[in-house]
Amino acid sequence: MYFSILLNKFSDFIRKILYFLDDITTSFTRDKKRTILFLSLVAFIFGGGALILNIKTPMVLDDFAYSSAVRYNTGFLQTVLDIVDFQYDHYFGWGGRTIAHVIAQLLLWVNPLTADVLNSLAYVLYAFLIYYHIIGRGKHSIGLLVLVNSLVWIVQPNIGETLLWLTGSANYLWCTVIILLFLLFYRLYNNNGARYTFPKCIGIFILGIITGWTNENTVTGLIIIVILFILYYKANRWKIPLWSIIGLIGLVIGYIILIKAPGNIVRSTTIGDEFPVPLSRVMLNFIAYTKETVKTLGSLNLLGLICLILLLSNSQDKVLNKKIVFLYLTYLIGALVSVYVMIFSPQFPPRAWFGLVTFNIISLGIIFNSLNSQIVVLRRIKQSVVLFSVLLFTALYIEGFFDVNRINNIWNERKEIIEKNSASQTPCIFENLESRSKFGTSDTEFLAPAISAYYETPIDIVY
């Protein structure tokens, strides 16, 4: 009896929420000022959540090494020339991600609070770019923007090392922002005959080089997506704009600069990775990454498949359906290419999934957003998905906040001990710090030498 009463009250509560969402959606689509207000409110809530965690996240891992003018040595960054010198040595001695690490060092060079604000603004821009890749030139949707933000925090396998840790966010969040900005030109093109002057073509060529120079596996998928867009233009007998070819050429050039960096071989040798990866390892990687793909992206793509079936069974517009399916498959293919190119890599850490998960979120969003909200059943399904995603995001965020706060407290204790021991040069010995959620960051074997150089005090981590 009591269960029945509770169930009825819960049903009434959900029904009121759905009617409330109906009212918001109706007024939202009729008033441009409310459109801006609601979009800004969503950005403020999720961006504010990111800022809180950014402020709580201390300097960790490679932050210490990239704060120095010389890798694993004393002397802090003083001028932009220090960053140039560091990156020159880095390209030949450790890796080719020059764009990412220039961003990282600039963030580490400025005031910590300024860096946290900039990092949070980068997240807001990232979420809006996903949103605009989904809607293209279509109508705005507050529910879609809420879903996009929620999915980022739910599906991304490592939030701490891609959105919060400054060096990690420079490598993944900021570089994905660059990738999505570049790709947006191709997504928004609609054969409108807009003229691109020579300076504009040079601009997108340079942007292409910068974009290609960001992240190995994500850019591999990006190249495929760009080629598919150009083939789509040709298949539809659209004029293939010159900038699209020039941008692709720049993208490939930047990609070659990235993967051919002499430092890549040096790093692999230093950390003991086999390179090139033997065929037996490639086959094992294929199996392992397929399992990980199902684990990480299975639910996302199951929902996408359900939405695709609902779309095709409820829409008679074959031309529009063809375009939507193309966009859906294009971003999905880009995500899968970004996964399976890594079978040739010695390592594929969770943070390296960031870009491809982004492509997959866009893929799902395109199909989800295309469902006709005028059909009551489809509208209720969309609203229920958004509500569930918000609830799940909230639960994960609370868990993550406590973990990040715990890690921050431990690092504050470490700093106090280091300050006490630095004068006498007494060695500091710390226990290995392990994250309890995907929002935190754990110690690595590279941490001890980096913080020892940073604080000019002998420090060791016991694993």
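A pocket is an open set of points on a 1 Å grid over the protein atoms alone, with protein on both sides within 12 Å along at least five of seven lines; lining residues have an atom within 4 Å of a point. The model is predicted, local features need pLDDT of at least 70, side-chain atom pairs count only at pLDDT 80 or more, and totals for linings use all residues. Residues are numbered from 1 along each chain, and side-chain values use heavy atoms, without hydrogens and water.

**View 1. Lining of the second largest pocket.** The second largest pocket holds about 1400 Å³ of space, a volume being the space filled by probe spheres set on the points. Of its 46 lining residues, Arg97, Glu216, Arg267, Ser345 and Gln347 lie nearest the centre. Helix H13 (262-271) is among the elements that give two or more residues to this lining, and H13 gives the most, with five. Helices are DSSP runs (H or I, at least four residues).

**View 2. Salt bridge between Glu216 and Arg97.** The N to O distance is 2.7 Å; a salt bridge is a side-chain nitrogen of Lys or Arg within 4 Å of a carboxyl oxygen of Asp or Glu. Glu216 lies in helix H11 and Arg97 in the loop between helices H4 and H5, so the pair ties together parts 119 residues apart in sequence. Arg97 is buried, at 15% relative accessible area (buried: under 20%; exposed: over 50%; partly exposed: in between; 1.4 Å probe, protein chains only).

**View 3. Salt bridge between Glu161 and Arg351.** The closest N and O atoms are 2.7 Å apart. Glu161 is buried at 12%, whereas Arg351 is partly exposed at 26%.

Technical notes: On a 1 Å grid over the protein atoms alone, a cavity is a set of points where a 1.4 Å probe fits but cannot get out, and a pocket is an open set with protein on both sides within 12 Å along at least five of seven lines; lining residues have an atom within 4 Å of a point.
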